[in-house]
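User: Could we go through this model together? I should like to begin with the helices and then turn to the aromatic rings.

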Amino acid sequence: MLDETLCLHAGYEPENGAPGVMPICQSTTYRFDSTEHIGDLFDMPTAHMYSRFSNPTVEAVEKKIAALEGGAGAMCTSSGQAASLLSILNLCSAGDSFISASTIYGGTVNLFSVTLKRFGIECIFVDADADEETIEKAFKENTKAVFGETIANPALAVLDIEKFARIAHKKGVPFIVDNTFATPVLCKPICFGADIVIHSTTKYMDGHALQVGGVIVDSGNFDWTKGNWPDFCEPDESYHGVTYTRDFGRSAYIAKARMQLMRDFGCYPAAHSAFLLNIGLETLPLRMERYCQNGLAVAKYFAASPKIESVSYSALPGDRYYPLAQKYLPKGSCGVVSVIIGGGKKNAVRFMDGLRLACNEVHVADIRTCVLHPASATHRQLTDEQLIAAGVQPGLIRFSTGLENIADILSDIEQSLKNV
Ligand SMILES: *Cc1c(COP(=O)(O)O)cnc(C)c1O
């Protein structure tokens, strides 16, 4: 089935007489008729046991997102940050390292470079546009994964997914892609060799700015039996001797993430959040189409203005990432446009504060047009060096085009540009 159909039907198939809309199973517990049955579940969780790590409503959404990404399984998390964290912790322990593109979301940079470091896990940042040999040189003996973002937030750099997949696989490690901005509607990284896909579902997937959430999708394609992956191929003593590759086959990664990490960290979304996320997902393909149209119109408008120093939008002919976007994002480059206003931070702030329709808020990829100044908000904790590596200039504005009528969005930009 194709995306529009999957978004409406995948994950929940009502039985005869059951509710047509996926119900909210607001329950922490599940009843069984014998002690023995519950004991068996502790050996092998074949049913929902406790809502810290699985729940029927959340499971339906997990199945829908796995189907959209073309994965073998998925696990929702209570935020995108939790998805990034668990995607790495499922592979790396203290003493290990992993490689990441430096053009990634500011919160992820901080998680990787500050917090994971305190847990003894090293992140080696690389220039995503460097050639394969240069990136390969960054690998160490203990490198266990490679990480990148399809459309980097906020630099809007498009990742050469196939290049990264090739490098990772040559080195025998899985490749994780944060596909938040593209969503599976615009790009399916698994088709280009990604092994794990993660999302902040807070953004386009939810779409309505209703709840924070994340998801990890397992492609099922990485062969853990080749190479040095004892945590996947040997019995897990913390789970009664379960062996993930033997017992879960293609879903080994996601089963391990749930049974070890979600069990211990407990960052699972509430059923009600999953219900809201599902409503967002139902219209995702329709909304993405319009975001791409409005985003392109806004990018063109900015590009024609003498007050704008530069525009980053990969669907704009002439953009540095246009050729990669033609390959990875043929349906469009989402609604987020980054612009650098002439006159630096002062003019950036003046322009943003003069907008009447677009909201000044800490959000992106919303149904309503919103703007953010990364250098003083999401990327504020980064050093100047990190800011440049992440593609964040002092005058950079992240303009997240919503679904309002494009004429209203453009006239708002026009009136505010008069202030600068
Ligand atoms: C927002 C965002 C995150 C973090 O997600 P939260 O849901 O805010 O925790 C991760 N990656 C990208 C690309 C994002 O835009």
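Analyst: Buried means under 20% relative accessible area, exposed means over 50%, and partly exposed is in between (1.4 Å probe, protein chains only). This is a predicted model, in which local features need pLDDT of at least 70 and side-chain atom pairs count only at pLDDT 80 or more, while totals for chains, interfaces and linings use all residues. Residues are numbered from 1 along each chain as its sequence is written, and side-chain values use heavy atoms, leaving out hydrogens and water.

User: How many residues of α3 are buried?

Analyst: Ten of the 14 residues of α3 are buried, so the helix is mostly covered. Among them are V58, V61, I65 and L68. Helices (H or I, at least four residues) and strands (E, at least two) are DSSP runs, numbered from the N terminus.

User: What does α13 span?

Analyst: The end C-alpha atoms of α13 (residues 284–303) are 28 Å apart, which agrees with the 28 Å that its 20 residues should span at 1.5 Å a residue. The expected span is 1.5 Å times one less than the number of residues. The buried residues of α13 include M288, Y291 and F302.

User: At what angle do α15 and α17 cross?

Analyst: The axes of α15 (residues 344–354) and α17 (residues 406–417) cross at roughly 130° and come within 8 Å. Axes are lines fitted to C-alpha atoms, for helices over the stretch in contact, and angles run from 0 to 180 degrees between N-to-C directions. That makes α15 oblique to α17; angles under 35 degrees count as roughly parallel, over 145 as roughly antiparallel, 65 to 115 as roughly perpendicular and the rest as oblique.

User: Now the rings. How many aromatic pairs are there?

Analyst: The structure holds 15 aromatic pairs. Rings of Phe, Tyr and Trp (its six-membered ring) pair if their centres lie within 6.5 Å; planes under 30 degrees apart count as stacked, over 60 as edge-to-face and the rest as tilted. One of the pairs, F98 and F112, is edge-to-face, with 4.8 Å centre to centre and 90° between the planes. F98 lies in strand β2 (residues 97–101) and F112 in helix α5 (residues 106–118), so the pair ties together parts that are 14 residues apart in sequence.

User: Are F98 and F112 buried or exposed?

Analyst: Both F98 and F112 are buried. W224 and Y253 form a stacked pair, 5.9 Å centre to centre with 15° between the planes. Both W224 and Y253 are buried too.
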